[in-house]
Amino acid sequence: MGYSCPPPPCPPPCPGAPLRRRAALLAAMLLLLWVYALYSCAGYCASAPGPASRLLPRAQVPARSASAEDDEPGALSTFSSGAGTKKLPQAIIIGVKKGGTRALLEFLRVHPDVRAVGAEPHFFDRNYERGLRWYRELMPKTLEGQITMEKTPSYFVTREAPARISAMSRDTKLIVVVRDPVTRAISDYTQTLSKKPDIPSFESLTFKNRTTGLIDTSWSAIQIGIYAKHLDNWLQFFPMDQILFVSGERLISDPAGELGRVQDFLGLKRIITDKHFYFNQTKGFPCLKKAEGSSKPHCLGKTKGRTHPNIHPEVVQRLRDFYRPFNMKFYQMTGHDFGWD
Ligand SMILES: Nc1ncnc2c1ncn2[C@@H]1O[C@H](COP(=O)(O)OS(=O)(=O)O)[C@@H](OP(=O)(O)O)[C@H]1O
């Protein structure tokens, strides 16, 4: 049987006891310190922080978007680990809803010098109070020379967005994908209908008064297509040469041509060319031969390129007449005839 110290008070033949007690105390203190360090680190250390990620605990940073609606945010996820730092976007696709904004972003992401957040951040309309650090945290990491981008089509019709983006950086490059406002309105309606099959008909939402043919301009599907009016708002804060207008129609008929213009505007080498696209007969749209970070062909998902309901030709004609003067003004402002009339 070995010798063991009886509980205190220790009798005289136990001279090492105070020393052992001090060592135990030291060990306990070290353990406490280690636990404390581990606790304080939680939420910060795990994300291998650049300066931005240290600013917010992980729990406050959404893994994906603040809002994705029926868009395809993670169609191709952005691989954001690895080298580089998160930066605020230097270029933003600000609109228009149903213009072809997802197609443009997915195509642009093929470029090695473009890094884009997949989902729509909705920072300058719905999440502005979360602050720029929150916004930056959503961005993928970029290396020197790479451009950070995002797309949120509702910015184009948000009154506060131009001032807010200008306050972030007056040099931000803006891209607007525009599409015939009549087709755009029908596309917008088709999207709503897919979520709420019980909504009234397109015709009854279009007219304030069916007999007089008075259009209800308060209906967002109509309102968004008055491009000249929304553009006026942007021109209070940005010069025209900082805004690029992409034709939604040409993005379908000649994606490489439109992508050429976009790459020039962004100061990028023309890397995305005809070779990157093929026309998918089943989908009825151009698709990528190889998507970003993949060797497989890639078409947009089923919420892009939906079949539209048939709208009575008279209603379509009335809408064409309604939009014509606004379209003319828009062509004049942009110096480009989009051929909708
Ligand atoms: N390559 C390709 N593949 C599929 N779809 C394409 C493509 N290029 C443009 N489009 C058109 O994009 C329309 C959807 O526009 P958005 O992506 O801007 O919509 S959203 O605002 O983000 O919901 C979508 O509208 P709908 O046809 O009404 O579904 C398409 O016409």
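1. Helix 10 itself spans residues 255-265 and is mostly covered, with eight of its 11 residues buried. Those eight are P255, A256, E258, L259, G260, V262, Q263 and F265. Just past the end of helix 10, G267 adopts a positive phi of about 70°.

2. Which residues join helix 2 to helix 10? The two helices pack with their axes 11 Å apart, at an angle of about 70°. Angles of 65 to 115 degrees count as roughly perpendicular, and helix 2 and helix 10 are therefore roughly perpendicular to each other. Helix 2 brings L104, F107 and L108 to the contact, and helix 10 brings P255, L259 and V262. By class, the contact residues are six nonpolar, no polar and no charged. P255, L259 and V262 are also among the buried residues of helix 10. As a general point, an α-helix has 3.6 residues a turn, so residues three or four places apart point the same way.

3. The peptide bond from G95 to V96 is cis, and its omega is near -10°. K98 lies in the loop between strand 2 and helix 2 as well. K98 has a positive phi of about 65°, although it is not a glycine. For background, most residues other than glycine have a negative phi, and most peptide bonds are trans. Is K98 buried or exposed? The cut-off for buried is under 20% relative accessible area. K98 comes to 13%, so it is buried. The UniProt annotation "active site" covers K98, and it comes from an unreviewed entry.

4. H122 is another residue to check for its backbone. H122 sits in the loop between strand 3 (114-116) and helix 3 (132-138). Its phi is positive, about 50°, although H122 is not a glycine. H122 has a relative accessible area of 1%, and is therefore buried.

5. T206 belongs to helix 6 (residues 202-206). T206 has 0% relative accessibility, so it counts as buried. What does T206 touch, leaving aside its neighbours within four places in sequence? The contacts of T206 are L214, I215, D216, W219, I222 and L319.

6. P181 is found in helix 5 (residues 181-195). The relative accessible area of P181 is 0%, so P181 is buried. Leaving aside neighbours within four places in sequence, P181 is in contact with G225, Y227, Y323, N327 and W340. P181 and P153 stand 28 residues apart in sequence, and their C-alpha atoms are 14 Å apart in space.

7. On the whole chain: the protein has 11 helices and 11 strands. Of its 341 residues, 44% count as buried. Among contacts with a separation of 6 or more, 71% come from residues 24 or more positions apart. UniProt, in an unreviewed entry, lists residues 89-324 as "domain: Sulfotransferase". In the model, residues 89-324 are 36% helix and 17% strand. The end C-alpha atoms of that span lie 34 Å apart.

8. Last, confidence. The average pLDDT of the protein is 84, and 77% of the residues score at least 70. Over residues 35-68 the pLDDT is below 50, and this stretch has 35 contacts in the model beyond near neighbours in sequence. Residues 74-78 also stay under 50. For residues 74-78 the model has 15 contacts beyond four places in sequence. Where pLDDT is low, the predicted coordinates should not be read in detail. The model scores are ipTM 0.99 and pTM 0.81.

Technical notes: Residues numbered from 1 in each chain as written. Predicted model: local features only at pLDDT ≥ 70, side-chain atom pairs only at ≥ 80, totals over all residues. Heavy atoms only, no water. Buried < 20%, exposed > 50% of the residue type's maximum accessible area, 1.4 Å probe, protein only. Helix = DSSP H or I, 4+ residues; strand = E, 2+ residues; numbered from the N terminus. UniProt positions renumbered as here; feature names shortened; annotations may be inferred. pLDDT = per-residue confidence, 0-100. Contact = heavy atoms within 4.5 Å. Axes fitted to C-alpha atoms, helices over the stretch in contact; angles between N-to-C directions. Parallel < 35°, antiparallel > 145°, perpendicular 65-115°, else oblique. Nonpolar A, V, L, I, M, F, W, Y, C, P; charged D, E, K, R; others polar.
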